[in-house]
Amino acid sequence: MLKDSLSALFTAHCIEDVALLPFSECKVQKGYLLEKKEGFCPSSVILFLLPYYTETPDNFSAYAVCRDYHFFIRELENTLLPKLEEAFSPYRFYAFTDHSPIDEREAAVRSGLGVFGKNGLLLTEKYSSFQFIAEIFTDAPLSLLGEAKLHPFATCFQCGACQRACPSGVLRGEGKECLSAITQKKGELSADEERLLRQYHTAWGCDICQNVCPYTKRAKEAGTIYTKIPYFLEKRICSLSSDLLASMDEEAFGQYAFAWRGRQVLLRNLKLLKE
Ligand code: SF4
Ligand code: SF4
């Protein structure tokens with residue numbers, strides 16, 4: 001439970017799902033990221049969800065429909081963090097996502113934001129797995145921010161639908177590579193890899209284990225799955241094509257998550273889908 005003053009700062013950015021955790025309860029994996037912040041000794045973590053789902057794209061993963069969420073975190077660093085530092089002076093605040101000092105999924109489960117899915121993702125009632133996790137570390141004592149309720153490490157329904165549907169077999173422990181990783185490989189793909197891209201019609205990423213999950217069905221039926229965060233609603237792309245890529249200059253292209261392996265990887269994949 002967050003104090004009203006803290007909750008209001010997140011609500012102003014359309015961020016609804018926020019929870020607290022004592023730093024001592026987090027599994028630290030990359031402590032060096034915090035050591036870079038000289039003299040900073042975190043005592044509390046503010047975890048929050050960034051739901052991104054808007055629609056199912058034609059030939060790539062739903063997380064890449066909107067602009068890269070790392071840029072959204074940078075925006076928050078420039079807008080939300082100064083407000084937090086002002087409201088809770090003299091304490092310090094640092095935001096992380098993805099490349100985080102802690103195990104984000106575990107921390108999100110322990111803070112009560114969701115459960116851990118067999119597909120390896122955080123699952124929530126509202127958004128299923130279609131959210132990014134982010135966190136803000138602070139040396140402010142937890143009592144100043146609100147109350148943290150520690151939750152047991154809860155898991156999903158364990159129905160196994162994701163494992164059965166997984167095209168590469170990675171979720172069944174068959175030692176294969178995730179199709180999402182295959183779409184991001186540079187150079188030539190093997191005949192089997194090419195077949196997977198064509199069969200599952202993907203030029204970037206794979207959402208199969210997310211789409212078959214009953215949490216997704218429930219979140220869609222309830223209508224809660226859709227993001228309300230303006231950043232994720234603007235400048236969306238629903239279908240990738242070589243014509244679209246040709247029309248994008250480097251700046252526009254670089255705004256999207258599918259850009260990080262370069263144009264050639266996408267063009268190779270798109271060509272395969274046409275064959
Ligand atoms: S993203 Fe696709 S290939 Fe990867 S684990 Fe999920 S279903 Fe399997
Ligand atoms: S499909 Fe079933 S087993 Fe897989 S993550 Fe969803 S609830 Fe869990």
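1. In this predicted model, the shell around ligand 2 is made up, by class, of nine nonpolar residues, four polar residues and one charged residue. Of the 14 residues around ligand 2, those that come nearest are Gly-117, Cys-156, Cys-159, Cys-162 and Cys-213.

2. The surroundings of ligand 1 deserve a separate comment. Its shell contains Asn-119, Cys-166, Pro-167, Ser-168, Val-170 and Leu-171, together with Cys-178, Leu-179, Ser-180, Cys-206, Ile-208 and Cys-209. By class, nine of the residues around ligand 1 are nonpolar and three are polar, while no charged residue is found in that shell. At least two residues of the shell around ligand 1 are supplied by helix H7 (179-183), and at least two by helix H9 (208-211).

3. As to the overall division of the chain, the domain assignment gives domain 1 as residues 4-145, whereas domain 2 is made of two segments, 168-205 and 240-274. The centres of domain 1 and domain 2, taken over C-alpha atoms, are separated by 28 Å.

4. Where the two domains meet, nine residues of domain 1 are in contact with 13 residues of domain 2. The side of domain 1 that touches domain 2 divides into four nonpolar, three polar and two charged residues.

Definitions and conventions. Residues numbered from 1 in each chain as written. Chains lettered and ligands numbered in written order. Predicted model: local features only at pLDDT ≥ 70, side-chain atom pairs only at ≥ 80, totals over all residues. Near = placed C-beta within 6 Å. Helix = DSSP H or I, 4+ residues; strand = E, 2+ residues; numbered from the N terminus. Nonpolar A, V, L, I, M, F, W, Y, C, P; charged D, E, K, R; others polar. Domains from an automatic or database assignment. Contact = placed C-beta atoms within 7 Å.
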